2 protein chains.
Amino acid sequence: MVSTRPRSNGGDLRIFFEPESVAIVGASRTPGKIGNYILRNILKLGYKGQIYPINPGASEIEGLRSYPSVAAVPAGVEMAVIAVPAHLVLDVMRDCQRKAVKGVVVISSGFSESGKEGMERQRELVQLAAEAGIRVIGPNTTGILNPEGRFTTSFVDLKGVKPGGIGFVAQTGMFAGMMFQYIFSSQYFGLSKVIGLGNKADVTDHDALDYLSQDEATRVVIMYLEGVKDGRRFLGSAGRLVRRKPLVVIKGGKTEEGARAVQSHTGSLAGRDEIFEALFRQVGAIRVTDFEELIDLGKTFAYQPLPRGKRIAIVTLSGGAGVMAADTCLECGLVLARFEPHTLARVKVKMPSWASPSNPLDIEPLSEVVKQEGAYRLGLDAVLSDPGVDLALVVMTTFKMDRVHADYVLEVARAYPEKPVAVCIIGDDAIYSQLFRIMEEASVPVFRSVRRAVASLAVLYKYRRFLDSLA
Amino acid sequence: MVSTRPRSNGGDLRIFFEPESVAIVGASRTPGKIGNYILRNILKLGYKGQIYPINPGASEIEGLRSYPSVAAVPAGVEMAVIAVPAHLVLDVMRDCQRKAVKGVVVISSGFSESGKEGMERQRELVQLAAEAGIRVIGPNTTGILNPEGRFTTSFVDLKGVKPGGIGFVAQTGMFAGMMFQYIFSSQYFGLSKVIGLGNKADVTDHDALDYLSQDEATRVVIMYLEGVKDGRRFLGSAGRLVRRKPLVVIKGGKTEEGARAVQSHTGSLAGRDEIFEALFRQVGAIRVTDFEELIDLGKTFAYQPLPRGKRIAIVTLSGGAGVMAADTCLECGLVLARFEPHTLARVKVKMPSWASPSNPLDIEPLSEVVKQEGAYRLGLDAVLSDPGVDLALVVMTTFKMDRVHADYVLEVARAYPEKPVAVCIIGDDAIYSQLFRIMEEASVPVFRSVRRAVASLAVLYKYRRFLDSLA
């Protein structure tokens with residue numbers, strides 16, 4: 001019954017991500033019910049610990065022996081997931097208390113987010129938990145997901161779950177669930193840990209950050225936040241984390257109307273936005289305003305190293321896209337590298353006489369001599385080998401493109417592992433998807449938009465500058 | 001030989017989009033050659049006019065009788081596409097002159113973009129054209145595409161070409177080609193006309209705008225611009241167009257480095273950006289900085305009506321996404337509508353007692369009573385029927401979602417044809433793609449990102465306000 005999987009080194013939250021045994025209170029035989037989804041998700045992921053479905057009306061669920069209550073389980077229960085109607089939750093808590101359960105995830109809604117009665121119920125829940133030393137995630141959440149540890153408390157349909165370097169903390173479970181569904185169904189990076197905090201009755205923002213700060217699988221943390229329970233502790237935890245790994249945050253309730261929406265959503269106080277703005281800047285967290293951006297930056301941090309400086313090279317087959325990229329680099333705080341004479345000579349010699357290479361490096365003339373795939377290879381190699389270049393953007397078009405183009409770009413990028421590279425591909429959707437897969441599986445971030453590619457690279461530099469400012 | 005297709009009412013450029021006959025100079029039998037691509041594209045589109053391949057070394061190409069020169073064609077030639085090496089182009093022009101050709105598209109590069117010799121060549125090209133009254137598009141372009149008229153001069157692989165309401169003007173052919181490839185392979189809207197201006201030896205920005213202003217199929221114009229040849233005429237043409245239909249522009253060369261890149265790309269002078277900024281504002285053009293935004297706004301204009309005011313309703317299944325949407329609305333110049341008591345009562349009666357509806361309208365509580373699809377329907381109908389609501393955003397998640405959800409949203413949106421609606425869908429990629437297709441085919445714009453959805457709706461209002469300012 002004792003797991004032999006490696007443990008994360010510390011943090012109170014380990015029991016939630018790597019429990020040795022779990023009770024699913026409200027487990028159901030009926031497909032479509034939340035208590036059925038959760039159990040099936042755990043089984044589907046291949047969780048290796050003990051699973052105890054709890055349901056007074058069944059003796060077997062999904063092939064597992066079921067028990068009428070947590071107390072009736074004939075062995076220890078480390079963690080419990082509670083997915084029963086709100087008015088039954090406190091009784092289940094008392095049961096967990098008796099069984100010396102260490103942590104519970106309360107999926108059920110009907111607590112502080114839903115009026116006076118719910119608030120009172122949440123207060124009692126917290127009190128019961130405190131008495132027994134039980135940590136609580138939720139209520140009103142999908143809880144957690146640990147792809148590598150093959151464990152979850154989520155009821156969201158799981159497909160293509162993949163471990164990876166991104167830790168994700170969300171205020172709300174539904175949003176977290178929809179985001180990881182999106183990620184696993186369309187992206188090639190994986191997630192280290194997901195936490196949907198819900199109402200934050202007990203476990204809150206700084207606990208999540210402390211845990212992910214210590215978690216070795218997590219290379220970067222992305223976060224959706226509506227309000228903070230304890231500003232000072234948040235500041236401390238975020239500050240410690242950012243010294244070890246980047247933190248990218250969306251803070252909801254930025255505007256007055258958004259703040260009102262926050263209050264009716266999770267009952268959080270959004271707080272004055274200027275205070276958050278200052279706080280994020282002070283700790284070196286990166287603030288964004290949309291989840292597309294959250295993912296763009298998350299994957300770029302997870303895939304690529306930090307650049308030494310801000311001098312970017314642009315290699316492009318489309319002159320127009322090169323112009324847009326140059327504009328965006330400047331707007332995002334990068335500068336265009338000035339190539340050394342040797343670099344220019346290397347490409348010039350393979351170009352028609354009329355062409356005069358510069359940065360952005362338009363490789364169309366090069367492609368007339370060494371073919372397109374050769375132009376990408378030679379162009380990128382020339383600029384990355386230049387000591388005056390810290391990072392590079394490659395703008396590819398799908399015109400006459402096939403996978404050898406991707407292979408060549410990857411081959412060159414691998415030869416300069418200390419210089420971040422991002423790719424933008426413009427054109428046919430099917431070709432894009434093929435190249436996207438090949439390159440992202442090799443940890444080179446690919447974007448449809450020049451702006452998003454440049455903005456993501458620029459943030460690598462921004463974080464490097466922040467770390468340097470600490471030294 | 002005379003076409004019976006309807007004609008656009010005016011503009012010098014009609015011959016380029018709806019020629020009665022076309023000569024392809026440099027037509028080739030060899031797959032992979034540009035002169036082969038162009039001919040095959042014209043055939044593939046189903047062009048109804050006369051096609052004359054011109055190639056001194058072939059008597060038949062792609063099943064068509066081929067001629068050694070334009071002069072050798074035994075009938076009139078209205079338009080010619082020139083895709084031969086640069087040093088042969090002037091001779092072909094003389095041939096076209098003799099044949100009284102009315103317009104030529106010069107695909108070939110090696111002109112003003114490529115050094116002194118090229119500049120001189122372009123000067124002679126312009127002179128020959130002026131002498132003979134021939135209009136010239138290019139050189140150094142993929143030229144034009146007219147999906148409805150089934151005609152093109154482009155060598156970019158054509159798949160899924162669809163007519164629609166968006167006119168697209170691009171400075172450069174490669175970028176235009178890659179963009180329409182992207183659009184036809186991944187989007188459900190169509191294009192009315194595409195013009196890649198290239199070096200703008202003759203036909204330039206204001207000609208394109210004048211033509212599209214008159215073109216009835218074009219509801220909105222999107223444009224990528226590097227420099228303007230004649231600022232005053234551009235101002236006039238853009239101003240006239242914007243009174244009839246929206247104009248969304250990316251202007252490359254915004255920054256100093258971008259401007260340098262422009263010069264080495266098309267030899268254009270980017271001009272001082274503040275001047276463009278003022279100019280765009282003065283004429284009411286909408287400036288964006290990325291082609292993803294260009295497409296977002298283009299499709300939203302093409303699909304949806306303009307709102308009467310700026311009061312938006314947000315209907316969402318994810319509270320978190322509702323918060324982000326509220327923030328973004330405020331940042332983009334919209335305001336959250338205050339619902340009438342009747343509206344609130346309509347939804348409140350179908351919600352659990354603890355729920356208190358507001359804007360954003362979180363329909364999760366509603367879904368507990370009338371199911372999810374019913375919640376989308378009732379929620380959206382309630383807010384759109386409110387006289388205090390001018391436009392709406394629906395945030396959907398893929399949790400338990402199927403096509404009935406889309407059908408319901410579309411049904412309600414259709415019942416309020418004067419109020420713009422956009423949809424954001426978060427979650428599983430396959431479900432997203434299915435719903436995206438269903439809803440976009442019904443002209444409701446769908447986005448992955450809350451920010452992009454809101455920003456697109458906000459621009460509808462911005463344009464409405466501009467039109468109102470003229471009245």
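User: In which helix of chain B do B:Glu120 and B:Arg123 both lie?

Analyst: This is a predicted model. The side chains of B:Glu120 and B:Arg123 meet in a salt bridge, 2.9 Å from N to O. The two residues are 3 apart, about one turn of the helix. The helix that holds both is α4, residues 115–132.

User: How many salt bridges does a search of the whole structure find over all chains?

Analyst: The pair B:Glu120 and B:Arg123 is a salt bridge. Across the interface of chain A and chain B the rule finds 6. Over all chains, the search of the whole structure finds 63.

User: Which residue of chain A forms a salt bridge with B:Glu292?

Analyst: Look across the interface of chain A and chain B, where the rule finds 6 salt bridges. In the one with B:Glu292, the closest N and O atoms are 2.9 Å apart. The partner is A:Arg452.

User: Which element gives the largest share of the side of chain A that touches chain B?

Analyst: Across the interface, 27 residue pairs are in polar contact. Several elements of chain A each supply at least two residues to the side that touches chain B, including α5, β13, α8 and α16. The largest share is 9 residues, and it comes from α11(A).

User: How much area do chain A and chain B bury between them?

Analyst: The size of an interface is often given as the accessible area lost when the parts come together. Here the contact takes 66 residues from chain A and 66 residues from chain B. Of the buried area, 63% is on carbon and sulfur atoms. The total is about 5400 Å².

User: Which residues in chain A lose the most area to chain B?

Analyst: Chain A and chain B bury about 5400 Å² between them. In chain A, three residues together make up 12% of what that side buries. They are A:Glu257, A:Met324 and A:Phe399.

User: Why do the copies meet through the same surface?

Analyst: Compare the interface residues of the two chains. Those of chain A are also interface residues in chain B, so the copies meet through the same surface. The share that matches is 100%.

User: Which strands stand at the edges of the open sheet in chain A?

Analyst: The sheet has 7 strands in the order β9-β8-β11-β10-β12-β13-β14, with mixed pairing. An edge strand here has a single partner, so one side of it is left without a neighbour in the sheet. The edge strands are β9 and β14.

User: Do β10 and β11 of chain A pair in the parallel or the antiparallel sense?

Analyst: Strand β10 covers residues 163–170, and β11 covers residues 191–196. A:Pro163 stands opposite A:Leu191 in β11(A). The strands pair over 6 bridges, and the sense is parallel.

User: What is omega for the cis peptide bond that joins A:Asn359 and A:Pro360?

Analyst: Most peptide bonds are trans. The bond between A:Asn359 and A:Pro360 is cis. A:Pro360 is found in the loop between α12 and β17 of chain A. Omega is about 5°.

Notes. Residues are numbered from 1 along each chain as its sequence is written. Chains are lettered from A and ligands numbered from 1 in the order in which they are written. This is a predicted model: local features need pLDDT of at least 70, side-chain atom pairs count only at pLDDT 80 or more; totals for chains, interfaces and linings use all residues. Side-chain values use heavy atoms; hydrogens and water are left out. Two strands pair if DSSP finds at least two bridges between them. Helices (H or I, at least four residues) and strands (E, at least two) are DSSP runs, numbered from the N terminus. Contact means heavy atoms within 4.5 Å. Buried area is the accessible area (1.4 Å probe) that two parts lose on being put together, summed over both. A salt bridge is a side-chain nitrogen of Lys or Arg within 4 Å of a carboxyl oxygen of Asp or Glu. A polar contact is a pair of N or O atoms within 3.5 Å; within protein, one must be able to donate a hydrogen and the other to accept it, and residues adjacent in sequence count only if both atoms are side-chain atoms.
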